[in-house]
Amino acid sequence: MTHGYAIGALVVVAVTTVAVGALGLRRVRTTSDFYVASRAVSPQWNAAAIGGEYLSAASFLGIAGLILAYGYDVLWYPVGYTAGYLVLLAVVAAPLRRSGAYTLPDFAEIRLRSVVVRRLASLLVVLIGWLYLVPQLQGAALTLRTQTGAPHWLGGLVVVGVVLAAVAIGGMRSITFAQAFQYWLKFTALLVPAIAVLSVWHQRHDTIGDGYPTALRATSVNIASSTTVRVEQAETLVVRGVLDGRSVDGPVALPPGRHHLGAGTRVELRAGDVVPVIASLPAQHNDDWLRPLGSGKDHPLYASLSLMVAICLGTMGLPHVLVRFYTNPDGRDARRTTLIVIVLLSSFYLLPTLFGAFGRRYVPDLLLTGNTDATVLLLPERMLGGLPGTLLGALVTAGAFAAFLSTASGLTVSVAGVLSQDVVRGRPDRRRATRIRAFRLSAILAIGVPYLLSLPSERIGLAAVVGLAFAVAASSFCPLLVLGIWWRRLTGAGAVAGLICGGVLATIAVLVTIIGGPARGWTGALLEQPAAWTVPLAFVVMVVVSLLTRSRVPSDVGRVMVRLHAPESLDLARIPPDRSSAGTDRSSQSPPPLTDVSTAPTDSGL
Amino acid sequence: MTHPRRVRITHPRTDAARRVPVRPVVHEIDEQTQVGEVYMASLVRSQRRLALLVCSLTAVVLGGTAFLGALAPSFARMRPFGIAAPWLLLGVVIYPAMIGLAAYAVRHAERNERDFTQLVRRQ
């Protein structure tokens, strides 16, 4: 019956998402509406939508799981996710809005008048978007499997289906409503169980405890595929299956060290048993887990700082975040929106920490399977038990699905926007209906590819993969935006050189880490967290090449600077956005109303 | 009785000076003259200074927290409210600090823009 509630919660979220999206449909009138909600969204709505879109599987599930596994050092992730908006607010929010750019490639073209930079930026948007989408779909697969035992491929497919339906029905406007709704859904879905869990904790006068994580009560753990685990202190465990190549069935005395568990083996933990830890996670003493830099990784201080660089500077380069700023009426509202976003994120991120810390005490058996991303999903049921536990578990499942849906749909819209403009290009004078069809075709491409990539199951934590997407964004788009907005002497050639240098180096580091697995020592640390060296390098290359090509500073840089920085309240003759590029500023093209909005979705066959 | 003829003397420049049309700064900016460039440069400079300040303060807050956790073992052992002090700092206290910084950034960026608008309109 547990499955019933979870599946019910999931269906409710999916249907509500599409329904809330459809509500916006009546207000969709023009192509401009379809893409960017006509820029008439208030800061409160917009901020909730940004929060809803931004709080992904990594935030909802990943952080708590990493905290359970690594402890204190992971607290930097949520802090970084919030601080990224602080940097964004200080450096790019208002100018970016004033630029009138709808996507990062648009910004590149407005500022540098270079089609090459535009193409390169498009390529990077697609790369970052896909890198960010893969963990969302994996998270969906994990959630569905944990809560209902569904096959691995189904969870992602459900998300793909709902996202494509929502995108097809309403475009961006509907998504603004849907996203704002989903922020509050996600917040509630963690807040209510958190309060319940906290009160139980308080009643029990419990502590995380000393020593190694121990099972609180009898728990049976199934090992799906063969794994190596570490036992820290000699103990007797009940193992049924294959242990170190011998078949066993009953209590076995295990000496400290590595042990191999065959596929299908069952470990029956009794209350008080120290949980063996999968070899890919550190087997930490709880004291080390509590302590800063105690995660047992190589060069933890470097890793923390580099991660912060990646997240703080990468946020401004996330494709789905930038689009949201376009829907603000003006630069001033863009700033205010960002401030509200920071407040919303700050409230939300108190909760995963709580789940991770309690998880260490109540679901330590996840350390044995390495399936720590399931912490949030399992904790309410484990701590409360009975019907309340099951209902809260269903609520958390709903929140998790809201997380996948919102982030995945935001990314799909952004990536599809770029694909439809720069890749799936038709004739420049193609009709509006054709453009919308191209957009829908691109949407399928935008989410289909990462779905295929997500199918082979990975053993890197959700939050870690998302961290890699941030590293690529920070190493490429951050220098482009910062120098583009604040430095007049940036040239197209400089931007190209910097984007290639930072983007390629960070991507290589990311691929080596994902494919080859984490390496040890300084090489491993530098490759796993590349931002601390790739970001400064990209800045230097961009500046140096710009200075070498100073004769090629765009002639209209003065006008662009006025457009980026002058407050809208002044009656300045803002230069019209470049009409030659299809996506620069759709509202300026004043498209005629679509004659028959309601039939528009059907012509794509979605 | 020959009274000296009364002569009315007026300040020569008041009227004349007014007759020269004042060029609004907005036009200077629009036409990309050097004057306009100077005005815009001043706005960009003040905003850039603010951006740098906020980023530096963010770096100080985050870096300070990192180093406090890493290099001050006595701090790491403190347990206010039964929660380890580093967890309380990085898990809870740092968020209001970031909200405060964000509010500061918004207020001052808007003030810079207001000052600029007044400067431009005053002429």
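What follows is a chat about confidence, the contact between the chains, and some helices, strands and loops.

Me: Before we start, what kind of model is it, and how are things numbered?

Reply: It is a predicted model, where local features need pLDDT of at least 70, side-chain atom pairs count only at pLDDT 80 or more, and totals for chains, interfaces and linings use all residues. Residues are numbered from 1 along each chain as its sequence is written, while chains are lettered from A and ligands numbered from 1 in the order in which they are written.

Me: What is the average pLDDT of chain A?

Reply: Chain A averages 81, and 86% of its residues score at least 70. The pLDDT is the predictor's confidence in each residue, from 0 to 100.

Me: And where in chain A is confidence lowest and highest?

Reply: The lowest is helix α2 (residues 31–36) of chain A, with a mean of 50, and the highest is helix α21 (residues 531–548) of chain A, at 95. Helices here are DSSP runs of H or I with at least four residues, strands are runs of E with at least two, and both are numbered from the N terminus. Over residues 576–606 of chain A the pLDDT is below 50, and that stretch has 52 contacts in the model beyond near neighbours in sequence. A contact means that two residues have C-beta atoms, placed from the backbone, within 7 Å. Where pLDDT is low, the predicted coordinates should not be read in detail.

Me: Good to know. What about the complex scores?

Reply: The predictor gives the complex an ipTM of 0.84 and a pTM of 0.85.

Me: Switching to chain B, what secondary structure does it have?

Reply: Chain B comes to 5 helices and 0 strands. Its mean pLDDT is 81, and 88% of its residues reach 70 or more. Confidence in chain B is lowest in helix α1 (residues 13–19) of chain B, at a mean of 56, and highest in helix α5 (residues 85–122) of chain B, at 90.

Me: How much of chain B is buried?

Reply: Of its 123 residues, 28% count as buried. Buried means 20 or more other C-beta atoms within 10 Å of a residue's own, exposed means 12 or fewer, and partly exposed is in between, with C-beta atoms placed from the backbone.

Me: Back to chain A. How far does helix α8 reach?

Reply: Helix α8 (residues 115–148) of chain A has 34 residues and reaches 49 Å from its first C-alpha to its last, close to the 50 Å expected at 1.5 Å a residue. That expected span is 1.5 Å times one less than the number of residues. α8(A) is mostly covered, with 27 of its 34 residues buried. Just after α8(A), A:G149 takes a positive phi of about 75°.

Me: What sits in the loop between β3 and β4 of chain A?

Reply: A:D244 lies there, and its phi is near 50°, a positive value in a residue other than glycine. Most residues other than glycine have a negative phi.

Me: Why does A:D244 count as partly exposed?

Reply: Because A:D244 has 14 other C-beta atoms within 10 Å.
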